[in-house]
Amino acid sequence: MIANHPEPEQITLENVLLALGNPLRLEILRLLADGSELSCNALRPEEIAKSTMTHHWRVLRDSGVIWQRPQGRENMISLRREDLDTRFPGLLDTLLRVMQ
């Protein structure tokens with residue numbers, strides 16, 4: 001596992017909302033909402049630089065929205081759905097419903 005994953009009790013609503021206040025990061029939430037684990041490259045739009053995506057991954061990871069784990073030369077990313085649902089019941093479902 002990559003460093004800087006907060007413990008569930010350290011995840012704050014302010015940090016989650018700040019992380020999801022960006023349209024690209026909100027789209028990543030939508031792509032991971034089905035429980036899938038995807039590589040960084042699979043989630044990166046072609047027109048966005050890898051360095052820019054590294055920043056977005058860090059914001060999502062440090063806020064407690066995603067898990068990142070190394071696999072070979074890539075990082076695999078998944079949503080911390082269980083932790084977020086426990087901390088903030090209904091938040092993810094509401095956000096996803098509004099995005100449809």
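User: What covers the buried residues of helix 4?
Analyst: Start with who is tucked away in this predicted model: the buried residues (under 20% relative accessible area with a 1.4 Å probe, protein chains only; over 50% is exposed, in between is partly exposed) of helix 4 are Met53, His56, Trp57, Leu60, Arg61 and Ser63. Helices here are DSSP runs of H or I with at least four residues, strands are E runs of at least two, and both are numbered from the N terminus. The cover over those buried residues includes helix 1 (13–19), helix 2 (23–32), helix 3, strand 2 (66–71) and strand 3.

User: How far does helix 4 reach from its first C-alpha to its last?
Analyst: Helix 4 has 14 residues. The expected span is 1.5 Å times one less than the residue count, giving 20 Å for helix 4, and the model comes close to that. From end to end, helix 4 reaches 20 Å.

User: Is Met76 buried or exposed?
Analyst: Met76 sits in strand 3. Because its relative accessible area is 13%, Met76 counts as buried.

User: How many Å apart in space are Met76 and Leu43?
Analyst: In sequence, Met76 and Leu43 are 33 residues apart. In space, C-alpha to C-alpha, the distance is 9.8 Å.

User: Which residues is Arg81 in contact with, leaving aside neighbours within four places in sequence?
Analyst: Arg81 belongs to helix 5 (residues 81–87). It counts as partly exposed because its relative accessibility is 24%. Its contacts beyond those neighbours are Ala33, Leu92, Asp93 and Leu96.

User: And how far is Arg81 from Asp34 in space?
Analyst: Arg81 and Asp34 are 47 residues apart along the sequence. Going from C-alpha to C-alpha, the gap in space is 9.6 Å.

User: What feature does UniProt place at residues 5–99?
Analyst: Over that stretch the chain is 54% helix and 15% strand, with the end C-alpha atoms 26 Å apart. Residues are numbered from 1 along each chain as its sequence is written, and side-chain values use heavy atoms, without hydrogens or water. Local features need pLDDT of at least 70 and side-chain atom pairs 80 or more, while totals for chains, interfaces and linings use all residues. The unreviewed UniProt entry names the feature "domain: HTH arsR-type".

Note on methods:
Contact means heavy atoms within 4.5 Å. UniProt positions are given in the numbering used here, feature names are shortened, and annotations may be inferred rather than shown by experiment.
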